[in-house]
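Dear colleague,

Please find below the sequence and structure that I am handing over to you. My notes on what was found follow directly after.

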Amino acid sequence: MKASLWANFLGVNLPSNILDKEAEFPTSCQAFQPDTKTDNTFLEFTEYIPAGTNLSLPFNDASCARPSQFISVDLCRIALLLETSNRSVVSTEVWLPRNWSGRFLGTGNGGIDGCIKYEDLEYGAVNGFAVVGSNNGHNGTAGDSFYQNAEVLRDFAWRAHVTPSPYMAGKEATRLFYGRPHTKSYFSGCSFGGRQGVFSAERFPADFDGIIAGAPAVDFNNLVSWRAGFFPTTGSTGSIGFIEPYIWKGLIHAEVLKQCDMLDGVGDGIIEDPTLCNFSPEAVMCTKERVNNCLNPDQAEVVRKVFSPMYGEDGRTVFPAMQPGSELEAAENLYTGKPFSYSKVCNPNRSKYKTLLTPSKDWFKYVVYDPSWNPANFDIHDAKVADSLNPENIKTWPNSLSQYAQRGGKMIVFHGQQDGKITSFNTERFYNHLSQGMGTSPSELDDFFRFFRIPGMSHCGSGPGAWAFGQGGKFEVARAPFRPSENILAALVAWVELGLAPDTVRGTKYVNDSLELGVAFRRDHCRYPLRSSYTRGDQWRCVSSEPLKKQ
């Protein structure tokens with residue numbers, strides 16, 4: 001890329017004139033009183049935050065596990081309240097960096113939480129975006145605030161996305177502060193945030209010029225049912241079929257790799273394409289000769305069910321199977337012998353990339369049924385009830401994104417191939433569903449929508465693969481330099497603004513996931529329906545996959 005073009009891409013010459021002088025930015029920030037031109041938007045405070053500040057967040061809900069946030073650049077922090085009804089309000093923060101590129105970035109949420117992702121706000125500001133995030137209408141990671149309050153549920157499902165949404169208020173505050181509107185608008189989210197990105201492209205195609213949707217929680221009602229189905233499938237701790245986490249991580253994962261790791265041509269502990277893996281638990285079943293470190297018949301049946309799709313009362317697929325290789329993460333989340341919970345708290349004895357799931361009331365208790373519902377009694381009829389209810393049209397399973405495509409929008413979707421919270425097979429299913437619904441071939445869909453499978457990556461990040469590619473602020477090692485060749489957000493910007501569509505996503509694996517220990521390896525990840533195939537040395541290439549399957 002030529003130097004002048006690169007400078008324009010980075011936006012290095014775009015700071016507003018009113019902020020040119022060193023002393024004016026703090027003064028302008030403290031004096032800023034945004035008028036968002038709506039009767040239901042209220043300013044809580046504005047404050048100047050200099051680079052190097054460890055920002056304390058004492059009023060952040062403890063379950064959000066974000067007591068503070070380190071700030072790397074000078075920025076103006078604006079806190080707003082958006083009153084959506086007499087029973088609901090959305091908390092919003094807009095972070096405006098001194099060195100603004102002219103771009104705007106909306107950030108997503110996760111699970112069913114109401115947590116502002118401060119790490120993503122900071123990450124956006126570091127890269128020159130005016131960035132906004134919200135609690136999506138409720139505080140914390142539990143869903144009890146949805147119970148008998150349709151207004152809060154409406155905010156969570158969709159209303160926090162529309163006028164006067166946090167994104168619209170953030171764009172207006174940006175215009176007022178810098179004295180001119182943004183040039184381009186982007187969105188980045190993973191998990192439920194990925195669903196928010198897809199939802200925005202479908203329902204509000206003019207809001208964002210570019211969208212990153214990681215591990216999108218699309219077909220949301222059936223996803224929740226799929227997760228709820230693991231408790232009755234695995235059984236409670238101590239039951240004859242229950243499999244302890246150490247068995248999933250040791251015996252079963254080792255056998256998965258034994259059967260499927262070499263399918264790509266190299267044994268590296270990573271399954272490049274789990275769709276090619278037809279795992280057979282019979283290989284580790286107990287026999288007369290093998291009585292230890294093995295599975296009894298009931299446990300083998302649990303494994304078969306886990307790696308099989310969920311079927312409905314009519315025999316149709318409700319949700320795809322869990323992909324082999326995911327058991328390292330799923331053993332701590334879905335296969336615990338307890339109902340899956342969205343609530344999270346910090347656990348200082350665990351890895352900095354993990355959270356501890358704690359018992360809490362779930363989607364079925366507070367939205368589909370009531371708090372008396374017993375998760376142990378979940379059956380496939382409950383899945384039908386949840387999807388038929390489809391509260392506030394939260395499903396998010398569009399047949400077409402043609403309006404978004406026609407206005408020039410671009411979308412990058414990614415999903416880790418050993419995701420243990422949302423099976424990556426569902427994103428492949430969504431891609432194929434969208435291709436068929438729009439009547440487009442993969443090459444035609446590539447014009448605006450590209451999906452990258454990330455081998456060896458868990459849910460939104462971490463794992464043994466080359467999983468760090470600038471996907472957000474949660475993971476320190478994922479803060480890749482803002483270059484399209486190695487940063488997915490920069491790649492989206494280059495696609496939107498320069499027409500340079502990404503053919504691959506380059507990921508990096510750091511030794512022990514530590515920047516200080518240096519790079520272990522890098523790998524270019526292929527866009528679907530292509531897959532990675534090993535050639536020689538450290539060389540890989542993208543090759544054709546199987547033809548698209550009918551849904």
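A residue is called buried under 20% relative accessible area, exposed over 50%, and partly exposed in between. Ala65, with a relative accessible area of 27%, is therefore partly exposed. Please bear in mind that this is a predicted model.

**Backbone geometry**

Most residues other than glycine have a negative phi, and most peptide bonds are trans. Ala65 has a positive phi of about 55 degrees although it is not a glycine; its place is in the loop between β2 (54-56) and β3 (68-70). Ser462 is likewise not a glycine, and its phi is positive at about 70 degrees. Ser462 belongs to the loop between β15 and α17 (488-498), and its relative accessible area of 16% means that it is buried. The peptide bond joining Tyr528 and Pro529 is cis, with omega about 10 degrees. Pro529 sits in the loop between β17 (519-526) and β18 (531-534).

**Two enclosed helices**

Nine of the nine residues of helix α7 (residues 220-228) are buried, so α7 is largely enclosed by the rest of the structure. Among them are Phe220, Trp226 and Arg227. The cover over these buried residues includes α6 (192-203), α8 (230-234), β10 (310-311), β11 (317-319), α12 and α13.

Helix α15 (residues 425-438) is also largely enclosed by the rest of the structure, because 11 of its 14 residues are buried. The buried residues include Phe425, Arg429, Tyr431 and His433, and the buried residues of α15 pack against α6, β11, β14 (410-416), α16 (442-445) and β15 (449-454). From its first C-alpha to its last, α15 reaches 20 Å, close to the 20 Å expected at 1.5 Å a residue. Gly439, whose phi is positive, near 65 degrees, follows α15.

**Arg195**

Leaving aside residues up to four places away in sequence, Arg195 touches Phe220, and its other contacts include Phe156, His161 and Ile394.

**Asp370**

Asp370 lies in the loop between α12 (363-368) and α13 (380-389) and is partly exposed, with a relative accessible area of 28%. Not counting residues up to four places away in sequence, Asp370 touches Tyr147, Phe364 and Lys365. Asp370 and Gln148 are 222 residues apart in sequence, while their C-alpha atoms are 9.1 Å apart in space.

Yours sincerely

Technical notes. Residues are numbered from 1 along each chain as its sequence is written. This is a predicted model: local features need pLDDT of at least 70, side-chain atom pairs count only at pLDDT 80 or more; totals for chains, interfaces and linings use all residues. Side-chain values use heavy atoms; hydrogens and water are left out. Helices (H or I, at least four residues) and strands (E, at least two) are DSSP runs, numbered from the N terminus. Buried means under 20% relative accessible area, exposed over 50%, partly exposed in between (1.4 Å probe, protein chains only). Contact means heavy atoms within 4.5 Å. The expected span of a helix is 1.5 Å times one less than its number of residues.
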